[in-house]
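Subject: Handover of a structure, with notes on what was found

Dear colleague,

I am passing this structure on to you, and the notes below it are meant for someone who has not looked at it before. Please open it first and keep it beside you while you read.

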Amino acid sequence: MNAPYDTARASQSWLARSSDSPSSLKVVDDVPSDLANCADEHGSLVTVEPVDWIVCFVPGLKRQWWHRFVHHKHKHVFAMRPTNTGSWLLVEPWWTRMMVTILPPADAVKFLRWGGTGDILRVREQVPGKASQMRGWSNCAVITAFVLGRPSWTWTPHGLYKELLREKTTRRENVEQLLVEQFAKVVSQYSSNALSVSADQLSLPLRELLIIIGRNLLETMMTPALLEVCYTAILEADRYPNATRVYAQHGPKRAIAVLTKILARAKQAGEIDLADCEAGARQFLGMLYGNIHLEAVLQLGAIPTLSEIDLRARTAVKVFLDGAGPDETAILARGVLRNGGGPLPVASRRAWVYLR
Amino acid sequence: MRRPASARANNAESRPDIRSDIVSAISGTLADPCDTLADLNGIFHRSGYSQEDIWSAFESIDDLVVAVAEHEALFISQPLVRRVRPNTLDDVRDTLVAFGLVASREYSTTLVGFIRMMMAEGARNPSLKKRVYEAGSEIVTRRLREFLSDTNERGILSISDAQVCAEQLMGLLREPLYQALMLNPVTSQNGSAADRVKASVERFLHGCASARSARYERTI
């Protein structure tokens, strides 16, 4: 499910369709003509390009009497598709209903792991497809073939498995590789947005640049989709270490690399005294994380608001650059308070306004 | 998770030693780097105590897990409460380094397994996750905040928001935890863990702006 991508493709197709759609379409009563005229050559309001499905052929989770009659590893079949946000679309035929839902990555991994106990195939759907509603008994194999638009006459998951495997474009998949691909795509997309710095911003004083980057990083870290991917990466670190490594490479490590470069430039310009810029970048990132990142990953409490994020980014930059130790302004301010709360010296007032 | 009420022995107060022994054993098990895919049953099994032992000392598994979190929080925050009240920046530095060394060690050992366990169990039992966090991390942060507030009021430190600063320092010290949770094998870094803690505390106290830059920034 690739919403922005699909929408873009659909728009392109709509443009193509508008230019050559016949003007003499027979419009059904009660349907707005603009909608009816939108229908493409297959009668669909939007034209969406065929996409890949991850089709999982699995053994049963619990023993059932009919299991003895079907292939030992292919007793059930369902289909999944990754989205751009880390979640997955699941289409699983039940005996009593069709389960169509969006799964967060941690839940999707459960289904993928189940798939891993059998066989996982990547199959491109056919549009408009050659399946038929006249197949009769709609078991999981029949419904999955229908989702894929295949004119299959098999009644068993294993039969569908053999048919799909005979197609040239079908590929076998494994769970870790699927997670690696999805984590890399999702996390790098978010990281790029958070870490992109314009030439104008690069020329800003370090303090302002760090506030901008810190705020962008915090905002991105707190994106629900990315928190879910982070949660899954941690939870599955032992089982799928490569997926977790990819998360770290495209997420925190990339942030550290960008921050290191910025700090190295600032060091060269004499703005900061840092022996090890990479260590400094790690420290800055740690200050940004504070408690809120762990709390968010553990799904404790509310996601901070934009103004809270801004305050935290500013405070982190303040402590990172100036430290929490006493400075002249604080000493002056304390002196004013001791003098009966009279007006602050100019320098103190400016520093206070700046920090707000 | 909860044992039937009829079988629940009220040993919570009568057998404090066994309770603390079990808590220490579970903490030790969590610190064991061989731990993989932590779930509660596996951790209990490796602690050497049977479920019967645990039931006899705790009313529920949830209570045991919360007790482990409390134990860890007390252990980590000891340097903040045990020391003589600091009078100088050097005293503050010494206290924060002592605190940071314990925290950093726990974040790279016991708490790695503990966080994983919380994540695995938390989906099934969200209230346990909340109780554990309140009994653990929140207590440590509160003690650190109180320490920072006190030093701020006495003019040793200059901080505008002790809670946020406490959280930032916790974030600084939590780096080994993130490393252990996400990077396997853990990336090697320059210097020892003690050096990194000292450097982090120095950064927290003094920042890294050069004297020239700081003077300029503070007057604009």
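How many Å² does the accessible surface of chain A come to, and what percentage of that belongs to carbon and sulfur atoms? The accessible surface of chain A is about 18100 Å², and carbon and sulfur atoms hold 57% of it; such areas come from the Shrake-Rupley method with a 1.4 Å probe, and for residues only the protein chains shown count as cover.

Before going further, please note that this is a predicted model, in which local features need pLDDT of at least 70 and side-chain atom pairs count only at pLDDT 80 or more, while totals for chains, interfaces and linings use all residues. Residues are numbered from 1 along each chain as its sequence is written, chains are lettered from A and ligands numbered from 1 in the order in which they are written, and side-chain values use heavy atoms, with hydrogens and water left out.

The two chains

Chain A has 16 helices and 6 strands, these being DSSP runs numbered from the N terminus (helices are H or I with at least four residues, strands are E with at least two). Of its 356 residues, 49% count as buried, where buried means under 20% relative accessible area, exposed means over 50%, and partly exposed lies in between, with a 1.4 Å probe and protein chains only. Among contacts in chain A between residues at least 6 apart in sequence, 63% join residues at least 24 apart, a contact being heavy atoms within 4.5 Å.

Chain B has 12 helices and 0 strands, and 51% of its 220 residues count as buried. In chain B, 72% of the contacts with a separation of 6 or more come from residues 24 or more positions apart. The accessible surface of chain B is about 9900 Å², with 50% of it belonging to carbon and sulfur atoms.

Helix packing

Two packed helices are described by the angle between their axes and by the distance between those axes. Here the axes are lines fitted to C-alpha atoms, for helices over the stretch in contact, and angles run from 0 to 180 degrees between N-to-C directions.

Within chain A, helix H12 (residues 277-289) and helix H14 (residues 306-322) have axes that come within 9 Å and cross at roughly 140 degrees. H12(A) passes H14(A) in a right-handed crossing, and a crossing is right-handed if the near helix is turned clockwise from the far one by less than a right angle, left-handed if anticlockwise. On the H12(A) side the contact involves A:Gly280, A:Gln283, A:Phe284, A:Met287 and A:Leu288, which meet A:Ala313, A:Ala316, A:Val317, A:Val319 and A:Phe320 of H14(A). These residues divide into 8 nonpolar, 2 polar and no charged, where Ala, Val, Leu, Ile, Met, Phe, Trp, Tyr, Cys and Pro count as nonpolar, Asp, Glu, Lys and Arg as charged, and the others, Gly among them, as polar.

H12(A) also packs against helix H9 (residues 162-173) of chain B, at an angle of about 130 degrees and with the axes 7 Å apart. The two helices are therefore oblique to each other; angles under 35 degrees count as roughly parallel, over 145 as roughly antiparallel, 65 to 115 as roughly perpendicular, and the rest as oblique. H12(A) passes H9(B) in a right-handed crossing, in which A:Gln283, A:Gly286 and A:Met287 meet B:Gln168, B:Gly171 and B:Leu172. By class, this contact has 2 nonpolar, 4 polar and no charged residues.

Within chain B, helix H5 (residues 89-108) and helix H11 (residues 193-206) pack at about 135 degrees with their axes 9 Å apart, and H5(B) and H11(B) are therefore oblique to each other.

Single residues

A cis peptide bond, with omega about 5 degrees, joins A:Val127 and A:Pro128, and A:Pro128 is found in the loop between strand E5 (119-124) and helix H4 (140-147) of chain A. A:Gln299 has a phi near 60 degrees, a positive value in a residue other than glycine, and is partly exposed, with a relative accessible area of 48%.

In chain B, B:Gly113 lies in helix H6 (residues 110-122) and is buried, at 4% relative accessible area. B:Gly113 and B:Leu30 are 83 residues apart in sequence, yet 5.0 Å apart in space, C-alpha to C-alpha.
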